[in-house]
Amino acid sequence: MVMPSVCVTGSTQGIGFAIAEAFARSGARLIINAHEADTSAAAKLGELTECHFVQADLSTAAGAEYLIEQAHEKLGSLDVLVNNAGTFTDTEFGALSEQMFDRAFNLNVKGYLFAAQAFAAKVKPDQQGASIICIGSTNSLVAEKNSVIYDSSKGAILMMVRSLAVSLASRGIRVNGIGPGIVETPLTAAGLDQGDTRAVLRSQIPLGRIAQPEDVAGAALFL
């Protein structure tokens, strides 16, 4: 049985690593990625399955295309792309800058689009089960105070998922999105630990707990 080949962007920690680990435990062959050099995550996942690390800056179209090229070179083919690499900016509206906007949209939106384009370009006509999964956010649907840039970028991802789904359906490429709420990751840890933020958020969540990366991984594996 040939196991699927999967590329997860932004996957050396947090949600991305949890998704990659879930695929690894299912037997999939993996490409993981980060902007900075990091082979420790690949070493951990390599104990479970074939795993390769590709350093690439996904805030550029060239970086996204390079990642997909490397994935095909190392694995021979690619069945699943998980667009996960991203950043967030929570800043008072009047203090927002063009640099903040470019940083968020280049990684959160441009990176997703051109990685998806490069992935789709290499899907063969007879390939079965090709799938693109984009990690969005509840911020795709519900606004958060002082999160204008992040909210806007995640809103763009939601519409991108819908548009890609109808654009690629005739080729048998499924496109889906996952929109988590607050998840405890290295990116969110500092904010959660400020004052009573963690307690306030727990009081607003019916289950009374903040999500963990593993909670998102199961949905990605299903899709």
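**Before you zoom in.** In this predicted model, local features need pLDDT of at least 70 and side-chain atom pairs count only at pLDDT 80 or more, while totals for chains, interfaces and linings use all residues. Residues are numbered from 1 along each chain as its sequence is written, and side-chain values use heavy atoms, with hydrogens and water left out.

**View 1. The overall fold of the chain.** The chain holds 8 helices and 6 strands, where helices (H or I, at least four residues) and strands (E, at least two) are DSSP runs numbered from the N terminus. Read from the N terminus, the order is β-α-β-α-β-α-β-α-β-α-β-α-α-α. With a radius of gyration of 17 Å, close to the 17 Å of the globule rule for 223 residues, the chain is as compact as a globular protein of that length. That radius is taken over C-alpha atoms, and the rule is 2.2 Å times the number of residues to the power 0.38. The C-alpha trace spans about 50 × 35 × 30 Å along its principal axes.

**View 2. The largest nonpolar core.** Such a core is a set of buried Ala, Val, Leu, Ile, Met, Phe, Trp, Tyr and Cys residues joined through side-chain atoms within 4.5 Å. Buried means under 20% relative accessible area, exposed over 50%, and partly exposed in between (1.4 Å probe, protein chains only). Which of the 63 residues in the largest nonpolar core touch the most other members? They are I19, F23, V82, F119 and I132. Helix α4 (residues 98–121) gives the most to this core, with 10 residues. In soluble globular proteins, nonpolar side chains tend to be buried together.

**View 3. The surroundings of I132.** Contact here means heavy atoms within 4.5 Å. Setting aside neighbours within four places in sequence, I132 is in contact with L81, N83, A116, F119, L168, I173, R174, V175 and N176.

**View 4. N146 and its backbone.** N146 sits in the loop between β5 (131–135) and α5 (148–168). Although N146 is not a glycine, its phi is positive, at about 60°. Most residues other than glycine have a negative phi, and most peptide bonds are trans. N146 is partly exposed, with a relative accessible area of 31%.

**View 5. S152 in helix α5.** You will find S152 in helix α5, partly exposed with a relative accessible area of 37%. S152 and V109 are 43 residues apart in sequence, and their C-alpha atoms are 9.9 Å apart in space.
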